[in-house]
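Please consult the sequence and the structure shown below. The briefing that follows covers aromatic contacts, helix packing and a set of individual residues.

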Amino acid sequence: MKREALIRELRKRAREQGADFEVDTEQGKGSHYRVKFGDKRTTIKSGDLTPLYVSLIKKQFGIK
């Protein structure tokens, strides 16, 4: 999965849950993005994301 596909999915989930969603391209280092989902934040790297990495990001945000 590409980073942009994950961001689209997270944005859709946030909309469904009524949670705030923000992507900050300036805050992360290098090509990393800082993402806010509700009251939680994490950093997402660029390029191809492994299924394990995607599941870890979703787990951090409390998404199955």
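Phe 21, Phe 37 and Phe 61 form one aromatic cluster. The model is predicted, so local features require pLDDT of at least 70 and side-chain atom pairs count only at pLDDT 80 or more, whereas totals for chains, interfaces and linings use all residues. Residues are numbered from 1 along each chain as its sequence is written, and side-chain values use heavy atoms, with hydrogens and water left out.

**Aromatic rings**

- There are two aromatic pairs in the structure; rings of Phe, Tyr and Trp (its six-membered ring) pair if their centres lie within 6.5 Å, and planes under 30 degrees apart count as stacked, over 60 as edge-to-face and the rest as tilted.
- The ring centres of Phe 21 and Phe 37 are 6.3 Å apart and the ring planes are at 80°, so this pair is edge-to-face.
- Phe 21 belongs to strand S1 (residues 21-24) and Phe 37 to strand S2 (residues 33-37), so the pair ties together parts that are 16 residues apart in sequence. Helices (H or I, at least four residues) and strands (E, at least two) are DSSP runs, numbered from the N terminus.
- Both Phe 21 and Phe 37 are buried; buried means under 20% relative accessible area, exposed over 50%, and partly exposed in between (1.4 Å probe, protein chains only).

**Charges over rings**

- The charged end of Arg 3 sits over the ring of Tyr 33, at 3.6 Å from the ring centre. The criterion is that NZ of Lys or CZ of Arg is within 6 Å of the ring centre and within 35 degrees of the ring normal.
- The charged end of Lys 45 sits over the ring of Tyr 53, at 4.9 Å from the ring centre.

**Helix packing**

- Helix H1 (residues 3-17) packs with helix H2 (residues 51-60) at an angle of about 30°, and their axes are 12 Å apart. Axes are lines fitted to C-alpha atoms, for helices over the stretch in contact, and angles run from 0 to 180 degrees between N-to-C directions.
- H1 and H2 are therefore roughly parallel to each other; angles under 35 degrees count as roughly parallel, over 145 as roughly antiparallel, 65 to 115 as roughly perpendicular and the rest as oblique.
- Leu 6, Glu 9 and Leu 10 of H1 make the contact with Val 54, Ile 57 and Lys 58 of H2, where contact means heavy atoms within 4.5 Å.

**Loop residues**

- Gly 18 lies in the loop between H1 and S1 and is exposed, with a relative accessible area of 66%.
- Gly 18 and Ala 5 are 13 residues apart in sequence, and their C-alpha atoms are 20 Å apart in space.
- Asp 48 is found in the loop between strand S3 (40-44) and H2 and is exposed, with a relative accessible area of 57%.
- Not counting residues up to four places away in sequence, Asp 48 touches Met 1 and Lys 2.

**Residues in a strand and a helix**

- Arg 34 lies in strand S2 and is partly exposed, with a relative accessible area of 26%.
- Leaving aside neighbours within four places in sequence, the residues in contact with Arg 34 include Glu 22, Asp 24, Arg 41 and Thr 43.
- Arg 34 and Lys 45 are 11 residues apart in sequence and 9.0 Å apart in space, C-alpha to C-alpha.
- Ala 5 is found in helix H1 and is partly exposed, with a relative accessible area of 23%.
- Ala 5 and Leu 49 are 44 residues apart along the chain, and their C-alpha atoms are separated by 9.8 Å.
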